[in-house]
Amino acid sequence: MSNVSQKKIKVGITIGDINGIGIEVILKTLLDNRILEHCIPIIYGSVKITSFHRKALNIQDFSFNIIQNTEQANPKRANLINCWDEEVKIDLGQQTENGGKYAFKSLEAATNDLVEGKIDALLTAPINKYNIQQPGFDFPGHTEYLQQRDGSSESLMFLVSEDLRVGVVTGHIPVKDVASSITTEKILAKLRLMNKSLKQDFWIEKPKIAVLGLNPHASDNGLIGEEEQTIIIPAIEEARKEKIMAIGPYPADGFFGNGSYKQFDAVLAMYHDQGLIPFKTLSFGSGVNFTAGLSIIRTSPDHGTGYDIAGKNQANADSFRDALFMAIDIVRNRREQAMLLENPLKVGQLKMKVTQEDSEE
């Protein structure tokens with residue numbers, strides 16, 4: 001195995017809204033020192049703010065290794081880059097201007113390092129999509145911001161758990177704009193991204209993707225809307241021509257209600273709530289949001305800022321921990337795939353050796 005594939009993974013972690021539960025789930029995740037066997041965590045935030053949260057949660061046996069840049073990261077410690085020194089007022093559980101201002105400072109610093117290759121992956125704690133709006137961040141959410149920073153024309157919001165993977169065609173847009181935003185080309189683009197990600201990031205050799213309809217009962221053959229016949233089915237047919245195993249369109253209610261999703265590697269929903277409501281119902285607390293289709297790797301937990309429980313030591317860190325391990329797994333999968341593509345002869349020799357050994361037995 002090459003030195004690149006063995007190199008310890010640096011995961012940048014943003015603190016999210018300083019008045020929410022982001023720092024709490026970060027601290028609870030990093031309290032387990034076994035995390036350090038798998039990655040080098042680098043937090044982008046502030047010593048003063050993380051200390052405030054640590055004291056509020058009465059976490060005593062923990063401290064960060066304070067560094068100026070990623071090159072100084074200690075592989076045996078949880079590291080923190082101090083992105084600002086000023087005193088910042090913290091109002092736990094409140095939506096404030098400071099909450100968004102410093103969430104963006106953390107995100108911007110981490111993303112700068114991510115796109116420059118100074119970290120291998122990014123794990124983002126939850127932001128408030130309203131108070132983070134400011135010069136430099138005029139986006140509906142993390143996904144759109146990171147797509148722009150990556151220079152990509154498309155990305156895929158991909159919700160992933162152990163038993164279910166759901167992507168959406170349209171993301172953070174008003175429901176009234178959904179139907180007019182769905183086109184055959186857009187569905188096809190999302191299917192291509194999903195198919196590629198399932199192969200590249202999750203190592204599924206022949207992905208099987210279910211496509212949901214837009215209208216109730218997937219339109220009942222055109223009785224309830226025409227989008228299935230004129231937009232969705234043509235996209236599925238075109239995807240099949242490209243050897244993408246896309247099947248549908250399925251009525252969303254029955255599809256999830258009768259467990260049909262268990263027969264597929266992933267599901268493409270037409271809009272945000274159509275995919276995320278069943279996903280969070282089935283997987284809340286263990287789901288991960290992965291931004292697929294980018295050259296950079298970013299994951300996040302499947303929950304929000306949790307203002308109602310901020311500072312009360314009630315936040316569950318399972319989803320954040322799962323998001324950290326998924327980021328690590330995807331980095332490893334991409335590294336290994338890159339290595340195999342660089343050395344196809346060795347891969348062929350390995351397969352031949354395995355076949356010979358099987359025949360000898």
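Analyst: Start with helices α2 and α11, which count as roughly perpendicular to each other because angles of 65 to 115 degrees fall in that class. This is a predicted model. The two helices pack at an angle of about 65°. Their axes are 9 Å apart. Helix α2 covers residues 22–30, and helix α11 covers residues 318–342. Their crossing is right-handed.

From α2 come Val 25, Ile 26, Lys 28 and Thr 29. They meet Phe 320, Arg 321 and Leu 324 of α11. Sorted by class, this contact has 4 nonpolar, 1 polar and 2 charged residues.

Next, take a second pair of helices. Helix α7 spans residues 184–200, and helix α8 spans residues 227–241. Their axes come within 8 Å and cross at roughly 40°. The angle lies between 35 and 65 degrees, so α7 and α8 are oblique to each other. Here, too, the crossing is right-handed. On the α7 side, the contact uses Thr 184, Ile 187, Leu 188 and Leu 191. On the α8 side, it uses Thr 230, Ile 231, Ile 232, Pro 234, Ala 235, Glu 238 and Ala 239. The classes are 8 nonpolar, 2 polar and 1 charged.

The largest pocket has a volume of about 330 Å³. It is lined by 21 residues. Closest to its centre are Lys 129, Asn 289, Ser 300, Pro 301 and His 303. Several elements each give two or more residues to the lining. They are α5 (142–150), β6 (156–160), α10 (272–283) and β12 (298–301). The lining has 7 nonpolar, 10 polar and 4 charged residues.

Finish with the backbone. Which two residues does a cis peptide bond join? They are Gly 248 and Pro 249, and omega there is about 0°. Pro 249 sits in strand β9, which runs over residues 245–250. Another place to check is Asn 58. Its phi is near 60°, a positive value in a residue other than glycine. Asn 58 belongs to the loop between α3 (47–56) and β3 (65–67).

Go back to the starting pair once more. Find Phe 320, Arg 321 and Leu 324 on α11, then trace across to Val 25, Ile 26, Lys 28 and Thr 29 on α2.

How values were computed
Residues numbered from 1 in each chain as written. Predicted model: local features only at pLDDT ≥ 70, side-chain atom pairs only at ≥ 80, totals over all residues. Heavy atoms only, no water. Axes fitted to C-alpha atoms, helices over the stretch in contact; angles between N-to-C directions. Helix = DSSP H or I, 4+ residues; strand = E, 2+ residues; numbered from the N terminus. Parallel < 35°, antiparallel > 145°, perpendicular 65-115°, else oblique. Left-handed = near helix turned anticlockwise from the far one by under 90°. Contact = heavy atoms within 4.5 Å. Nonpolar A, V, L, I, M, F, W, Y, C, P; charged D, E, K, R; others polar. 1 Å grid on protein atoms, 1.4 Å probe; cavity = no way out; pocket = protein on both sides within 12 Å on 5 of 7 lines; lining within 4 Å. Points joined across faces, edges and corners; volume = space filled by probe spheres on them.
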